[in-house]
Amino acid sequence: MALKKVGILTGGGDCSGLNAVIRAVTRAAAIEHGAKVLGIEGGFEGLITAHTQELTVRNTRDILTLGGTILGTTNKGNPFEFREIKPDGSIGVHDYSDRAVDNFNKMGLDCLFVVGGEGTLEIGYRFFLKGVPVIGIPKTIDNDLDKTDYTFGYQTAVEVACDAMDRLQTTGRSHQRVMILEVMGRTAGWIAIDAGVAGGAHIILIPEIPFNIDRVVEKIKFRAEGGSPFSIIMVAEGAKEEGGDVITQASASTRLQGVPQLGGVGFYLADQIKKRIDLEVRCTVLGHIQRGGSPCAFDRVLGTRLGSHAVRAAAEGSFGTMVALKTPDMTLVPLKELAGKVRSVPVDSQLIQCAESIGISMGR
Ligand code: F6P
């Protein structure tokens, strides 16, 4: 089908490569179809409030290398369950989805490209069920989306985390300290395991394998007794102790998002280690540095391929799908197959076997 006017929004936490996707969608729609492109601002909130900007080949020409998203994003603002703080401090929940569909129709769009992680794509699917022609485009630094080999933003985050490891290696070795690096990864430890292996970690703790603090300390002691009080630990924010819970932070966004903000396991670990062994321990939390900045070459290419393929899928009328990488090709996956699925690091995977075979402790 000929595309005349298409819309695109970015939802959920940002990551490097979003602008590469926006640029590719804009260029493919304009160059191959002569279509107009409308950027919807601030994720799905822009669909509720009808805040948009026109995207053209010209005004997207310099954004390939730019971090963040020129459209803005939010991990709040689900139109089906929009949460607002009421004057008395309680949370009110509203369904603005009909208003969003009305606005979509008024905009005269042939297709809505929804760029996001699991939560955003699920909202996209709910709009598809309400008749909106949606094509999903997968993103997340966590790399935990099912049905795609990789999500863009992930490799950039791994590079950033690996660079941090390299830096902690030199200062940690100089001072003979135990250095902890806490990275993102809510339910999946992909960043921790990849950047941990790449950065020469001695211990890697991921959400998929609850850690035993005695095993962690054993590894540090083993190294210290062998003459190296220096150890480096990579820990994902979602890692938890055996029998324990993930560590969360109280925050306004936690209340509005309805999803807890994680963080703090690195400092918890530092305290536990200090109680058991007389070594200097330091913790660094890498946080949103993993999400900011220019995408690496892999993410630029992946974002560009996903954006271009999404426009092709729209022209074919393949709505209700997500474009995905099935190396070496792009494929389409029905959005309904994604519902509620998170791709974790398999605990019996070759990747974990590889780490343990070279002496990395996984805390078990
Ligand atoms: O899902 C991506 C992610 O980066 C998680 O790893 C992290 O827990 C979360 O987003 C943090 O989101 P924010 O601080 O933006 O609410």
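**View 1. A salt bridge between the two domains.** Between domain 1 and domain 2 the count is one salt bridge, meaning a side-chain nitrogen of Lys or Arg within 4 Å of a carboxyl oxygen of Asp or Glu. Look for Asp14 and Arg291, whose side chains meet in a salt bridge at 3.0 Å, N to O. This is a predicted model, in which local features need pLDDT of at least 70 and side-chain atom pairs count only at pLDDT 80 or more, while totals for chains, interfaces and linings use all residues. Residues are numbered from 1 along each chain as its sequence is written, and side-chain values use heavy atoms, with hydrogens and water left out.

**View 2. The two domains side by side.** An automatic or database domain assignment gives domain 1 (5-152 + 295-327) and domain 2 (155-291 + 346-357). Their centres, taken over C-alpha atoms, are 32 Å apart.

**View 3. Where the domains touch.** Here 21 residues of domain 1 are in contact with 17 residues of domain 2 (heavy atoms within 4.5 Å). The two domains bury about 1700 Å² between them, 54% of it on carbon and sulfur atoms; this is the accessible area (1.4 Å probe) lost on putting the two parts together, summed over both. On the domain 1 side, Arg83, Ile141 and Asp142 lose the most area to domain 2, together 33% of what that side buries.
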